[in-house]
Amino acid sequence: IKKVKLPNSFKGTLRNYQQAGLNWLCFLNQYKLNGILADDMGLGKTVQALALLLVLKNKNKFKRALIAAPVSTLSNWMEEIKKFTPDLTVYMYHGLLRLKSKNKITESDITVTSYHTLRNDIELFKKIPFTYFILDEAQTAKNPSSKIYKSINLIDTENKLSLTGTPVENSTIDLWAQMNFLNPGILGNLSDFKRKYSKPIEKGNDTEQNELLKKMIFPFILRRKKETVLKDLPPKEEIILYATMDTNQSNVYREIKEYYREKLNKKIDDEGLNKSSIYIFEALLKLRQAAILPEMVSGRYKDTSSCKLDLLKLKVTELLSENHKALIFSQFLGSLSAIRKWIQSLKIDYTYLDGSTKDRESQIRSFQENEKKKIFIISLKAGGLGINLTASDYVILFDPWWNPAVEMQAVDRSHRIGQKNKVTIYKFITKDTVEEKILKLQDRKSRLVKDIITTEKSFFKSLDKNEIMNLFE
């Protein structure tokens, strides 16, 4: 496997193991083979895939790529493409108006779409030839009898690539589905595979067949665990994950935003900025809740989906499959409750802490000392200070706080003396909402935020009317 030179137009630096991943992907491409990049989450599978497409584009061996991903990760792909490979044109084929712009699929280097949209519009997609077809969170298409699985096998593509930290989620059938999509026939048909591998391995504990299967798939899977590349990683890394609202949630968000924008504009004009502060807080609170979990705004929205909760489920499932321990922070009791309810449905051990928790110390000790307790759900205000949770190596900030210092205090529960592993921080942001604007405000006011601001009130005192109204645009 030869070392591949990264084009100058790639914005960023590949770590050693990421460069090795790119070399491997180019090697597969050279020999017309398809494989699974199965690195642990947080090791940059997206970046390695984008580097591959850019290398091929530079060698004139690339026409267009299609990326299928869960709805909750679409915006993340858009951000990563703009950040690392801005020379590649990209189109997100998603939403109600998508068919009006379908010609953009053939005009763009990369088209990003969701699995369900791909399934629904397969008649359109199967007529377009692609150089690469990439499945993100490829375990989504693990069921060979599902419509999604049948759809992905209809795409006309020269090359295929699967990205997943969990190539086997439930059984060896998941692996057969993946390998059959990538290199059809390599593991025989499904009934032969069940007879030869699934039953002997899963029911008979047959080590010989297990080894044989491993040898057969070995050339087509690259998996690096976090622990093995740790020396090559910084001790702490923050990753912003963007969640994309579906039409339902987007409509609810817009309805709330328009209602409060009209109300606030009048209030500020009539009473001035200072006297309107209570209304500003109320409006922003409702807008933030709509971006996180609409049912927190009103019982009317009880059945409205939450793209953030969907993204959380995806990431936590992956973390659990890799045996990691994670802290999940949120400042709202409503979202803490929804997360807790979902974790309980998984029938796994977890710990929980909010302002009303009586036995704080026993919850903390239990998480630190009990290997079975993988998840700690924590209120940002109640658990942001004074506790040591070095047993975790992942921190999820479910909703952004105005003051980044408060977020970092939460992160420092895990990233502190005694922590032996690299800590990965996932900050969840709902695309096209006030949360994105909070991020931008934090950047613009960074010196102010770091030096002066300690509360939400002092944050808003630093904003003028235009900046406040911009949050409702």
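How many of the 11 residues of helix α3 (residues 74-84) are buried? Eight are, and the helix is mostly covered. The views below show a predicted model, in which local features need pLDDT of at least 70 and side-chain atom pairs count only at pLDDT 80 or more, while totals for chains, interfaces and linings use all residues. Residues are numbered from 1 along each chain as its sequence is written, and side-chain values use heavy atoms, with hydrogens and water left out.

**View 1. The buried residues of helix α3.** L74, S75, N76, W77, M78, E80, I81 and F84 are the buried residues of α3, where buried means under 20% relative accessible area with a 1.4 Å probe and protein chains only. Helices are DSSP runs of H or I with at least four residues, strands are runs of E with at least two, and both are numbered from the N terminus.

**View 2. The largest pocket.** The largest pocket has a volume of about 700 Å³, and of the 30 residues that line it, G44, V47, N76, E80 and I239 are the closest to its centre. A pocket is an open set of points on a 1 Å grid over the protein atoms alone, with protein on both sides within 12 Å along at least five of seven lines, and its lining residues have an atom within 4 Å of a point; the volume is the space filled by probe spheres set on the points, which are joined across faces, edges and corners. At least two lining residues come from each of α2 (45-58), α3, β8 (236-243) and α13 (307-321).

**View 3. The second largest pocket.** With a volume of about 560 Å³, the second largest pocket is lined by 24 residues, of which H94, T244, M245, S250 and D432 lie nearest its centre. The elements giving two or more residues to this lining are α3, α11 (247-271) and α18 (434-444), and α11 supplies the largest share, six residues.

**View 4. Aromatic pairs.** Rings of Phe, Tyr and Trp (its six-membered ring) pair if their centres lie within 6.5 Å, and planes under 30 degrees apart count as stacked, over 60 as edge-to-face and the rest as tilted; by this rule the count comes to 10 aromatic pairs. The ring centres of F193 and Y197 are 5.4 Å apart and their planes stand at 40 degrees, so this pair is tilted. Both residues, F193 and Y197, are buried and lie in helix α9 (residues 190-203), four residues apart, about one turn of the helix.

Conventions:
Buried < 20%, exposed > 50% of the residue type's maximum accessible area, 1.4 Å probe, protein only. 1 Å grid on protein atoms, 1.4 Å probe; cavity = no way out; pocket = protein on both sides within 12 Å on 5 of 7 lines; lining within 4 Å.
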